[in-house]
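Colleague: Thanks for sitting down with me over this one. Could we go through it together, question by question?

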Amino acid sequence: TVGKIPIWSGSTTTLGDSLLSQSGTILSLTGALTRLRLTDGTNQINFGLWDGSNYRLEGDDNRKILITSYHTDGIHFGGSGASDLVVKGNKVGIGTDSPKSLLELSGSNPVLNFYNSAGGTDQKYFYIQNVSGKLQISKANDAYNSFDQLVTVLNSGNVGIGTVDPDALIHISGASNGTQTYALFSTGPA
């Protein structure tokens, strides 16, 4: 058939009509569970559609998978042509295609979450966030819909504990019920 790449059908005289076809420079596989497997007899790598809805790139347990690019722009991952995650040299960018450090998060108020599955109720999420030029260390409840800012650092260097707008180098704010200790300093063992 025109446009089809023949695959031996098992018969001694005929070639089968393949699910593998070529159109211009594109090699296509068609079918419900379409996979391309490259194997050297012992090791394999599979590309394709596994369960009718999910695409995978999967290697066996004998070899690691290396994705490399010799282009100076690195390796880009994303949907619809977007660069959501970029690896350039030893730098990773999320939301940027030009990371300046080992890990760079870029976006409107980027957040780095720290999740501890062993934490108690509403003690699983802590996060660091850049909010309008303020670095904030905060916590969230388990549903991730209620947030408390714990420490704020301004561009000026002012640090706030219990306040998001510190007006001194160290600004501690809390309830004034006479039972809280705001600072404890020690010179060593007594």
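Colleague: Leaving aside neighbours within four places in sequence, which residues is Thr 163 in contact with?
Modeller: Bear in mind that this is a predicted model. Thr 163 sits in the loop that links β16 (159-161) and β17 (170-172). Once the neighbours within four places in sequence are set aside, its contacts are Thr 152, His 171 and Ser 173.

Colleague: Is Thr 163 buried or exposed, and what is its relative accessible area?
Modeller: The cut-off for buried is under 20% relative accessible area. Thr 163 falls on the buried side because its value is 17%.

Colleague: How do β16 and β17 pair, and over how many bridges?
Modeller: As a reminder, strands of a sheet pair through backbone hydrogen bonds, either parallel or antiparallel. One of the bridges here has Val 159 with Ile 170 of β17 as its partner. β16 and β17 pair in the parallel sense, and the number of bridges is 3.

Colleague: In what order do the strands of the open sheet with mixed pairing come?
Modeller: That sheet has 6 strands, and its pairing is mixed. Its edge strands, each pairing on one side only, are β12 (111-115) and β17. From one strand to the next, the twist averages 20°. The order is β12-β13-β14-β15-β16-β17.

Colleague: And in the open sheet of 3 strands, which are the edge strands?
Modeller: This sheet is antiparallel and runs in the order β5-β6-β7. An edge strand pairs on one side only, which holds for β5 (35-39) and β7 (55-59).

Colleague: What is the bridge partner of Leu 36 in β6?
Modeller: β5 and β6 (residues 44-49) pair in the antiparallel sense over 5 bridges. Along this pairing, Arg 37 stands opposite Asn 46 of β6. For Leu 36, the bridge partner in β6 is Phe 47.

Colleague: Which residue takes a positive phi in the hairpin of β5 and β6?
Modeller: This hairpin has 4 residues between the strands. The positive phi there is near 100°, and the residue that takes it is Gly 41.

Colleague: Which residue of β7 does Leu 49 stand opposite?
Modeller: β6 and β7 run antiparallel and are joined by 5 bridges. Across that pairing, Leu 49 stands opposite Tyr 55.

Colleague: Stepping back to the whole protein, how many helices and strands are there?
Modeller: The protein has 190 residues, of which 17% are buried. Its accessible surface comes to about 13900 Å², with 55% belonging to carbon and sulfur atoms. The secondary structure amounts to 0 helices and 17 strands.

Colleague: Where is confidence lowest, and where is it highest?
Modeller: The average pLDDT of the protein is 79, and 72% of the residues score at least 70. Confidence is lowest in strand β2 (residues 15-16), at a mean of 50. The highest value, 95, belongs to strand β14 (residues 134-140).

Methods. Residues are numbered from 1 along each chain as its sequence is written. This is a predicted model: local features need pLDDT of at least 70, side-chain atom pairs count only at pLDDT 80 or more; totals for chains, interfaces and linings use all residues. Side-chain values use heavy atoms; hydrogens and water are left out. Helices (H or I, at least four residues) and strands (E, at least two) are DSSP runs, numbered from the N terminus. Buried means under 20% relative accessible area, exposed over 50%, partly exposed in between (1.4 Å probe, protein chains only). Contact means heavy atoms within 4.5 Å. Two strands pair if DSSP finds at least two bridges between them. Accessible areas come from the Shrake-Rupley method with a 1.4 Å probe; for residues, only the protein chains shown count as cover. Axes are lines fitted to C-alpha atoms, for helices over the stretch in contact, and angles run from 0 to 180 degrees between N-to-C directions. pLDDT is the predictor's confidence in each residue, from 0 to 100.
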